[in-house]
Amino acid sequence: MALCLNQHMLSPIIFVVSVLCLLANHSIAEELPRFKHHLKPQQQSLNFLVVGDWGRKGNYNQSFVAHQMGIVGENLNIDFVISTGDNFYDDGLVGVDDPAFYESFVDIYTAPSLQKIWYSVLGNHDYRGDVEAQLSPILRQKDSRWLCLRSFILDGGIVEFFFVDTTPFVEKYFTEPEDHTYDWRGVLPRESYVAELLKNVDSALKQSNAKWKIVVGHHTIKTAGHHGNTQELEELLLPILKSNNVEAYINGHDHCLEHIIDKESGTQFFTSGGGSKAWRGDIKPWNPEELKLYHDGQGFMSVQITNTIADFVFYDVFGKVLHTWTISKEHKAAE
Ligand SMILES: [Zn+2]
C-alpha cells in the first residue's frame with residue numbers, strides 16, 4: 001500500500017519533471033530572439049549611436065558624454081542607441097527597484113533625440129548584480145527605451161545585428177572571481193551555454209540575407225587597451241565572424257575609443273567603451289597599420305549605413321570628431 005501510494009504520488013511528479021526537461025531542452029535549442037526595426041518610408045540610411053561602460057550616476061563625465069550624444073543624435077536623427085554593456089557600475093543593479101536605473105540611465109540620457117530604443121547587452125559588471133533585473137520587462141515599464149537581453153538579433157532592414165552575451169565566455173570569472181560574486185543564473189552549465197550560443201549565432205549569420213552584418217558584444221576581440229584581446233572570443237567567436245563575412249564587431253569593456261582593422265580578413269573592430277570613466281595612457285603596442293584610432297578618453301560612436309556605404313565616426317567628450325571611417329560595398333575598406 002505504501003509503495004502503491006508512492007508510485008501514485010511519484011508518477012505526476014516524474015511527468016512534470018519530464019515535461020520541464022523537454023521544455024528546457026526545447027528552449028535551449030530555440031533560435032535567438034529576433035526584433036525588427038522598421039525604416040520610415042523613403043528612409044535611405046539607418047543611423048545610430050554606440051556607447052559602452054557608462055552607468056556611474058553622471059560621474060566621470062558620463063553626463064557630458066550624454067549631452068554630446070544628444071546633439072549628435074539630433075543631427076543624425078538616429079533610429080536607436082546601442083549599449084555595449086557594463087551598463088551599471090560597479091555591480092550591476094541590485095534589483096528591478098534599484099534607483100541606479102534612474103540615476104545612471106533615465107535621468108542622464110534625457111535629450112529628445114535619445115528617446116529611442118536602447119538595444120543593450122550585459123557586461124561583466126552587470127553580472128555582478130541581479131542579472132535578471134536588467135533583463136526584466138519591469139524595467140521596460142519604467143522606461144520604454146530599455147531593451148536588454150543576453151543574446152538577440154535585430155533586423156534593421158539595411159543591416160542585421162547579432163548581439164552576443166560574451167561574459168560567460170571568459171573562464172577567469174568562473175575560476176578566479178576574486179572578491180566578486182557573479183550571478184550565473186541561466187548560464188550554467190557554462191560549456192553547453194557557450195556551445196549553444198555559438199551554434200545559434202553561426203546559423204543565424206548563415207541564414208542572414210542582410211547586406212551588412214554587424215556583431216555586438218561587451219568583450220574585446222582585438223584591442224590595444226587595458227584588458228587585451230579576449231582569448232576565448234578569439235578562439236571561438238572570431239572564426240565564426242570570418243567565415244560569415246561579418247563587416248564589423250563592436251564592443252566595449254576597454255574604457256576607450258578604438259578602431260582596428262584586421263589585415264588578414266579586413267574585419268573591422270570598433271571599441272566604444274568611453275561612456276564614463278576612462279583610463280588615460282593605458283595602451284599596449286599594436287601594429288600601426290591596423291590601429292586606426294586609440295583615444296584614451298571618454299566619448300562615443302555614431303554609425304550611418306545605407307545599402308552601399310557605412311560611415312563610422314568617433315566623438316570625444318566635447319563632441320569633437322576624432323576619427324571617421326567609411327566602408328563601401330563596391331570598394332571595401334576605402335577611407
Ligand atoms: Zn567590462
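Reply: Happy to! A residue is buried if 20 or more other C-beta atoms lie within 10 Å of its own, exposed if 12 or fewer, and partly exposed in between, with C-beta atoms placed from the backbone. This is a predicted model, where local features need pLDDT of at least 70, side-chain atom pairs count only at pLDDT 80 or more, and totals for chains, interfaces and linings use all residues. Residues are numbered from 1 along each chain as its sequence is written.

Me: Is Tyr60 buried, exposed or partly exposed?
Reply: Tyr60 sits in the loop between strand 2 (46-51) and helix 2 (62-76); helices (H or I, at least four residues) and strands (E, at least two) are DSSP runs, numbered from the N terminus. Its phi is near 55°, a positive value in a residue other than glycine. Because Tyr60 has 18 C-beta neighbours inside 10 Å, it counts as partly exposed.

Me: And Glu178, is that residue buried or exposed?
Reply: Glu178 belongs to the loop between helix 6 and helix 7, and phi of Glu178 is also positive, near 55°. Glu178 has 6 other C-beta atoms within 10 Å, so it is exposed.

Me: On which side of helix 7 are Leu197, Val201 and Leu205?
Reply: These three residues are buried. They cover an arc of only 60° around the axis (the arc of the directions from the helix axis to the C-beta atoms).
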